[in-house]
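Please take a careful look at the protein shown here before reading on.

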Amino acid sequence: MNPAYATTDHVFTVPLDHRRPDGPTLQVFAREVVDPARAAHQLPWLLFLQGGPGGKAPRPSAGSPGWLPQALKTHRVLLLDQRGTGRSTPLTARTASRFASASQLAAHLAHFRADAIVADAELIRHQLCNGEPWETLGQSYGGFLTLTYLSQAPDGLRACYVTGGLPGLTATADDVYARTYPRVRDRVRDFYARYPDDAPRLRKIADLLASDDIRLPGGDRLTARRLRTLGLALGMGDGFERIHWLLDESLDSDGALTDTFLHQVEFLTGFTDNPLFAVLQETLYGQGAGPTGWAAARALTAFPEFAEEADPLLLTGEMIYPWMFREIKGLVPFADAADLLAQRTDWPPLYDPQRLAANQVPLAAAVYHDDMYVDAELSLRTAREVGATRVWVTNEWEHDGISASNGRVLARLMDLAAGRA
């Protein structure tokens, strides 16, 4: 039997700081994937920009990720482990603990934002594609990267596809979280409407955690606020069911939390594989407009329905809080550096509004009408401000529509960009 995909591994050496090409370097890993029947053909390249931040590229297997078979009909795909993730030079709790000071770690982390990832991509493109422009597919945060790419190096791009990831070009962290909490609140209420028994069950678990010192397998204490971060999953197509079935096995016949539940909660809330998701989350919105200042935590006070004593208990979503860096083992080594990043005021801009307004690279974007993570109104505003942009607004898919649709979303975007739809 022939393999589903032909793959080739690539490792590239890139500067930590692209402004200092002779300074310290990192390794960036990328996996080339092609249909074995077309491996010898000259095919256009499609660079996949993973969501996150801090997420490694998907690992291909038969039919997975769901968009890959569609892409391989016409393209040679590059799955990039963005700097600090996967098989690229890792930035984990272990490596973070080796820095001599929080200020040194914070300075290092400042080189892991979108501008550096785009500069890595350009260096890779010149080495791998002989300087020929390529196409990009950006999922979620990958769409943020796409807008930075179009701002910094549009000549490297032939066409761009974005799914659930058009950022507000001038939106601050405060703007983003003021919009995010109401969407999360409504999503949790929808979840309870579908599974009404889960609201009292979550309240019972939270009360149990408040009265007892219950430890996760790795030693962290499980608190009600850590429990609430399970709501991060609710924006995905299968998120309601994932949380429901987790809760379904949460309590044993004596009313104690089961080992199965504790193990899964630790995995889902521990950031072991992707600490950069938490560390860099609010830096996405830093563009010289003052410090981000733990915006999600500050915004929380404006929504009393999210109080821990409120009934029903509301889960939280894609929010990162200072307490996480003191209570979650995988984030503790980043704690003081994360505080410094939250105080930083001189973040360079990630987007060039004038260049984006004059953009001529075809950009096709799926905006998910009910997206819990990325505000649809901000996305549509951005679409109006970026040249050569075509948008498809849909409520057929959730945030993971690019994979859940088995290639249909990608096919639609490729048609849009080519003027076929």
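**From the whole chain to its details**

The secondary structure of the protein comprises 18 helices and eight strands, where helices (H or I, at least four residues) and strands (E, at least two) are DSSP runs numbered from the N terminus. This is a predicted model, in which local features need pLDDT of at least 70 and side-chain atom pairs count only at pLDDT 80 or more, while totals for chains, interfaces and linings use all residues. Residues are numbered from 1 along each chain as its sequence is written, and side-chain values use heavy atoms, with hydrogens and water left out.

A compact globule of 421 residues would have a radius of gyration near 22 Å, and the value of 21 Å for the protein agrees with this; the radius is taken over C-alpha atoms, and the globule rule is 2.2 Å times the number of residues to the power 0.38. The C-alpha trace spans about 65 × 45 × 45 Å along its principal axes. Of the 421 residues, 57% count as buried, a word that here means under 20% relative accessible area, with exposed meaning over 50% and partly exposed in between (1.4 Å probe, protein chains only). Taking contact to mean heavy atoms within 4.5 Å, 77% of the contacts between residues at least 6 apart in sequence join residues at least 24 apart.

Twelve aromatic pairs are found in a search of the whole structure, where rings of Phe, Tyr and Trp (its six-membered ring) pair if their centres lie within 6.5 Å, and planes under 30 degrees apart count as stacked, over 60 as edge-to-face and the rest as tilted. The rings of Tyr-141 and Phe-144 have centres 6.1 Å apart and planes at 50°, so this pair is tilted. Both residues lie in helix H5 (residues 141-152), three residues apart, about one turn of the helix, and both are buried. Tyr-181 and Phe-306 form another aromatic pair, an edge-to-face one with 5.2 Å from centre to centre and 75° between the planes. Because Tyr-181 lies in helix H6 (residues 173-194) and Phe-306 in the loop between helix H12 (295-300) and helix H13 (324-327), the pair ties together parts that are 125 residues apart in sequence. Tyr-181 is buried at 0% relative accessibility, and Phe-306 is buried with a relative accessible area of 1%. Tyr-141 and Phe-144 also belong, with Tyr-177 and Tyr-285, to one aromatic cluster.

Helix H5 also holds Thr-146, which counts as buried at 0% relative accessibility. Leaving aside neighbours within four places in sequence, Thr-146 is in contact with Leu-49, Thr-136, Gly-138, Cys-160, Val-162 and Leu-363. The C-alpha atoms of Thr-146 and Leu-49 are separated by 7.9 Å, although these residues are 97 apart along the chain.

Some details of the backbone remain. The peptide bond from Gly-52 to Pro-53 is cis, with omega near 10°, and Pro-53 lies in the loop between strand S3 (45-49) and helix H1 (68-71). The bond from Asp-311 to Pro-312 is cis as well, with omega near 5°, and Pro-312 is placed in the loop between H12 and H13. Ser-140, in the loop between strand S5 (134-139) and H5, has a positive phi of about 60° although it is not a glycine, and it is buried with a relative accessible area of 9%.
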